[in-house]
Amino acid sequence: MTTDIQIEQTTVPTKPSLQTLKKKNSKPAGNRKSSLHFNSKLLATIRQTHPPGTGKQITSCHIIKYNLDFCFQIPRSTCSESCRPGYRKAVRPGEAICCFDCVQCSTGEISTQDDAAECMKCPDDHWSNERQDECIPKPIEFLSYEEPMGAILAVISISCTAISLTVLCIFIKYQDTPIVKANNRELSYLLLVALMLSFLCSLIFIGKPRAVTCMLRQAAFGIIFALCVSCVLAKTIMVVIAFNATKPNSNLKKWMGPKVSNTTAMICTIIQVIICIVWLASSPPFPEQNMKSQIGVIIIECNEGSTTAFWCVLGYMGLLAIISFIVAFLARNLPDSFNEAKFITFSMLVFVSVWLAFIPAYLSTRGKYMVTVELFAILASSAGLLVCIFFPKCYIILLRPDMNTREHLMGKHATEKIK
C-alpha cells in the first residue's frame, strides 16, 4: 500500500513532525486495525490529490497537512458555497440542507451577514444600496431654486412681473389718451396689478413645501386668477353695454359708469374668496412626504387636503373664463371703436386652451413635475392675457401715436352713426 509513497524528513515549524505523529500513533495491537483503516482512508485521499503519473510526490508535509486538516478544521460543505452579505439562502427542494442557492435580496431589503436565512426590510425613509448590504437614507425631491428648472421658472416669473409693471407705468403716464381712457382705465389698472400678482404667486410654488406655503399656494392662485378673469369678464360686458348704449332710446346709458364693471369684478372675485375660506377652514392643504409614488425617493409635496375644494376653485375659474370667451366671441364683430372684444376673445381662447391641456398633464405627473406643470399653466395663461390685451395698446401708444386719437378709434362708420 505504501510502495508509491516517498517520505522525506521534513521539519514543519508550526505543526508536529512526522516522528512525533508516529510516536503518538503507536498503539496496542488491538487498535492497529482501526489505525490502519484510518491511514488507508488518509492515503487514498492523498493519492486522489496527487495521482500517479503526474510527477508529484507525496511528502511528509502532505501527510501532516491532511492529518492536521482532518483533526483541526471544520468540515465545509462541498455542495454550495457560502452566501455573502446582500444575499440569502434558498434551500433546494428535495436535496440535503447543505445544498442551497444564493438569492440576492429584493430592492429595499438587505442582509448584513454570511449565509443569512432571510433579508431585512429597510425603514420607510431608507433604501438599500447597490450591494444590498446596507440601508441608506432616501434622497429628498422637491422643486427648488437650486435646480435649473426651478431657477428658469423663477426668472420667467420675475421677468413677466417686470413687464407687467412697465405696461402699468405706460398706462399711467398716458392715462389721458383716448386708447387708455377707452373701456374703463381703472379696470385696466386693476387687471395689470392682478397679472403682476399672478406672476409673483408662482414663486410660492418653488422651494421646500411648508405648512404656510401649502396653504397660500392654491388659495392665492385661485383668488388672484379669479380676479384676473373677473376683470376680463367685466371689460367684455362693458364692450357690449357701450355698443348698445349708442343706439337711440337705449336704457343702457345709466350702466356706462365704472361702478358697474368694478362691481362685477368684485362680486365674481368674492365668490372665489368664499370658496377658498371654506376650503382652508374645513380641510386645508398640508405638506407630506410621499414615499410611494417613486421608488427609492422621498417626494415632499403639498397634499391638497380636500380634492373637491381644489377642483371647485379650478372649476369656478374655468366657468368665468368660458363665460368671458362666449361674450367676447359674440361681440367680436362690433364696430371698430370697441374692437377690444377681438383681443379679449383671443386671450380667453389662449387661457382656456392652456388650462384644458393642464388637467391631463397635472393628473399624470407626480412630485416636482406636477408643480412644474401647474407653474407653466399659471405663467402661460397670465402671459396670454398680458400679450393679447395690452400689447396692441402699447404698440399704438409708443409706436403709432397718430392712431391714438378719438377719431381713429371711433372709425368712419361709427362716427357717421353717432352724428
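How do the residues of the lining of the largest cavity divide into nonpolar, polar and charged? In this predicted model, the lining comprises ten nonpolar, three polar and six charged residues. The report begins with the chain as a whole, returns to the cavity, and then turns to a sheet and to several individual residues.

## The chain as a whole

The protein chain contains twelve helices and nine strands. Of its 419 residues, 41% are buried. Contacts can also be sorted by separation along the sequence. Among contacts between residues at least 6 apart in sequence, 65% join residues at least 24 apart.

## The cavity

The volume of the largest cavity is about 140 Å³. Its lining consists of 19 residues, and those nearest the centre are Arg 217, Glu 301, Cys 302, Gly 367 and Val 371. Which elements each supply at least two residues of this lining? They are the helices α7 (211–245) and α11 (368–399), together with the strand β9 (298–303).

## The sheet around β9

Strand β9, which contributes to the cavity lining, also belongs to a sheet. Three strands make up this open sheet in the order β7-β9-β8, and their pairing is mixed. Strands β7 (140–141) and β8 (286–290) are at the edges; each has a single partner strand, and therefore one side of each has no neighbour in the sheet.

The pairing can be followed strand by strand. As a general principle, the strands of a sheet pair through backbone hydrogen bonds, in either a parallel or an antiparallel manner. Here, β7 and β9 run parallel and are joined by two bridges, whereas β8 and β9 run antiparallel and are joined by five bridges. Glu 141 stands opposite Ile 299 in β9. Pro 287 stands opposite Cys 302 in β9, and Cys 302 is also one of the residues nearest the centre of the largest cavity.

Why is β9 described as largely enclosed by the rest of the structure? The reason is that five of its six residues are buried.

## Accessibility of selected residues

A residue counts as buried under 20% and as exposed over 50%, with partly exposed in between.

| Residue | Relative accessible area | Class |
|---|---|---|
| Gln 132 | 8% | buried |
| Thr 161 | 11% | buried |
| Ser 306 | 18% | buried |
| Asp 115 | 29% | partly exposed |
| Met 149 | 38% | partly exposed |

## Residues in loops

Ser 306 is situated in the loop between β9 and α9 (307–330). Because its relative accessibility is 18% and the cut-off is under 20%, Ser 306 counts as buried. A polar atom of the side chain of Ser 306 lies 3.2 Å from the backbone nitrogen of Ala 309. When residues up to four places away in sequence are not counted, Ser 306 touches Trp 279 and Ser 283.

Asp 115 is in the loop between β3 (109–110) and β4 (120–121). Its phi is near 55°, a positive value in a residue other than glycine. Gln 132 is in the loop between β5 (126–128) and β6 (135–137). The phi of Gln 132 is near 60°, which is likewise positive in a residue other than glycine.

## Residues in helix α4

Helix α4 spans residues 148–173 and includes Met 149.

Met 149 is partly exposed, at 38% relative accessible area. Which residues are in contact with Met 149, leaving aside neighbours within four places in sequence? The contacts of Met 149 are Leu 143 and Thr 372. The C-alpha atoms of Met 149 and Lys 368 are separated by 9.7 Å, although these residues are 219 residues apart along the chain.

Thr 161 is buried, with a relative accessible area of 11%. With residues up to four places away in sequence not counted, Thr 161 touches Met 196, Phe 199 and Leu 200.

Methods. Residues are numbered from 1 along each chain as its sequence is written. This is a predicted model: local features need pLDDT of at least 70, side-chain atom pairs count only at pLDDT 80 or more; totals for chains, interfaces and linings use all residues. Side-chain values use heavy atoms; hydrogens and water are left out. On a 1 Å grid over the protein atoms alone, a cavity is a set of points where a 1.4 Å probe fits but cannot get out, and a pocket is an open set with protein on both sides within 12 Å along at least five of seven lines; lining residues have an atom within 4 Å of a point. Grid points are joined across faces, edges and corners, and a volume is the space filled by probe spheres set on the points. Helices (H or I, at least four residues) and strands (E, at least two) are DSSP runs, numbered from the N terminus. Ala, Val, Leu, Ile, Met, Phe, Trp, Tyr, Cys and Pro count as nonpolar, Asp, Glu, Lys and Arg as charged, and the others, Gly among them, as polar. Two strands pair if DSSP finds at least two bridges between them. Buried means under 20% relative accessible area, exposed over 50%, partly exposed in between (1.4 Å probe, protein chains only). A polar contact is a pair of N or O atoms within 3.5 Å; within protein, one must be able to donate a hydrogen and the other to accept it, and residues adjacent in sequence count only if both atoms are side-chain atoms. Contact means heavy atoms within 4.5 Å.
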